[in-house]
Amino acid sequence: MTHVAEIVTFTLADGTKPEQFVRLSQASEAFVRAAPGFTHRQLSHGEDGRWTDYVVWTDMKSAKDAAAAFMQQDFAPALMAAINPDSAQMRHETVLWNMTA
């Protein structure tokens, strides 16, 4: 089965603290875990100030359905307000290889 990676990169909105953003992201956990096709998610923060939210889905339909439904959730307005909208980029990519410990 070919998995799909949803990769969202962004910077935080002015005044948003990293700890605050992590808590806002964690508020989406129940929704993401319950979404059909979810397999894995991680959030990272680079030295350059950019963040990456990396989610792996079992297929493209699951990824796109979850992305569309995400914005309709109660937690979404606060989470989106914490992100600099001009910096956000989302893409979906086919996972070609995966290595785990």
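**View A. E6 is a buried residue of the chain, with a relative accessible area of 9%.** Buried means under 20% relative accessible area, exposed means over 50%, and partly exposed lies in between (1.4 Å probe, protein chains only). The structure is a predicted model, in which local features need pLDDT of at least 70 and side-chain atom pairs count only at pLDDT 80 or more, while totals for chains, interfaces and linings use all residues. Residues are numbered from 1 along each chain as its sequence is written, and side-chain values use heavy atoms, with hydrogens and water left out. E6 sits in strand β1; strands (E, at least two residues) and helices (H or I, at least four) are DSSP runs, numbered from the N terminus. Not counting residues up to four places away in sequence, E6 touches D53, Y54, V55, W57, A63, A67, M90, R91 and H92. Such a contact means heavy atoms within 4.5 Å. With one of these residues, H92, the side chain of E6 makes a polar contact through the H92 side chain, at 3.0 Å. A polar contact is a pair of N or O atoms within 3.5 Å; within protein, one must be able to donate a hydrogen and the other to accept it, and residues adjacent in sequence count only if both atoms are side-chain atoms. R23 is 17 residues from E6 along the chain, and their C-alpha atoms are separated by 20 Å.

**View B. Helix α3 covers residues 60-70, and its buried residues are S62, A63, A66 and F70.** These residues lie on the same side of α3, because they cover an arc of only 100° around the axis. The arc is that of the directions from the helix axis to the C-beta atoms. As a general point, an α-helix has 3.6 residues a turn, so residues three or four places apart point the same way. On the other side of α3, K61 and A68 are exposed. The cover over the buried residues of α3 includes strands β1 (4-10), β3 (51-57) and β4 (89-94), and helices α2 (29-34) and α4 (76-81). At the start of the helix, a side-chain oxygen of D59 comes to within 3.1 Å of the backbone nitrogen of K61.

**View C. S62 is a residue of helix α3.** S62 counts as buried because its relative accessible area is 12%. Leaving aside residues up to four places away in sequence, S62 touches P36, G37 and W57. A polar atom of the S62 side chain lies 3.4 Å from the backbone oxygen of P36.

**View D. The largest nonpolar core has 19 residues, and F10, F21, W57, F70 and F75 touch the most other members.** A nonpolar core is a set of buried Ala, Val, Leu, Ile, Met, Phe, Trp, Tyr and Cys residues joined through side-chain atoms within 4.5 Å. At least two residues of this core come from each of β1, α2, β3, α3 and α4. The contacts of W57, not counting residues up to four places away in sequence, are H3, V4, E6, V32, A35, P36, G37, F38, T39, S62, A63 and A66.

**View E. H3 lies in the segment before β1.** H3 counts as partly exposed because its relative accessibility is 26%. Not counting residues up to four places away in sequence, H3 touches T39, V56, W57, T58, E93, T94 and V95. H3 and A66 are 63 residues apart in sequence, yet 14 Å apart in space, C-alpha to C-alpha.

**View F. D14 is in the loop between β1 and α1 (18-26), and M71 is in the loop between α3 and α4.** D14 counts as exposed because its relative accessibility is 81%. From C-alpha to C-alpha, D14 and T58 are 35 Å apart in space, and 44 residues separate them in sequence. M71 is partly exposed, with a relative accessible area of 43%. M71 touches A76 and M80, not counting residues up to four places away in sequence.

View G. Along the sequence they follow the pattern β-α-α-β-β-α-α-β. The radius of gyration is 14 Å, close to the 13 Å that the globule rule gives for 101 residues, so the chain is as compact as a globular protein of that length. This radius is taken over C-alpha atoms, and the globule rule is 2.2 Å times the number of residues to the power 0.38. Of the 101 residues, 34% count as buried. Among contacts between residues at least 6 apart in sequence, 71% join residues at least 24 apart.
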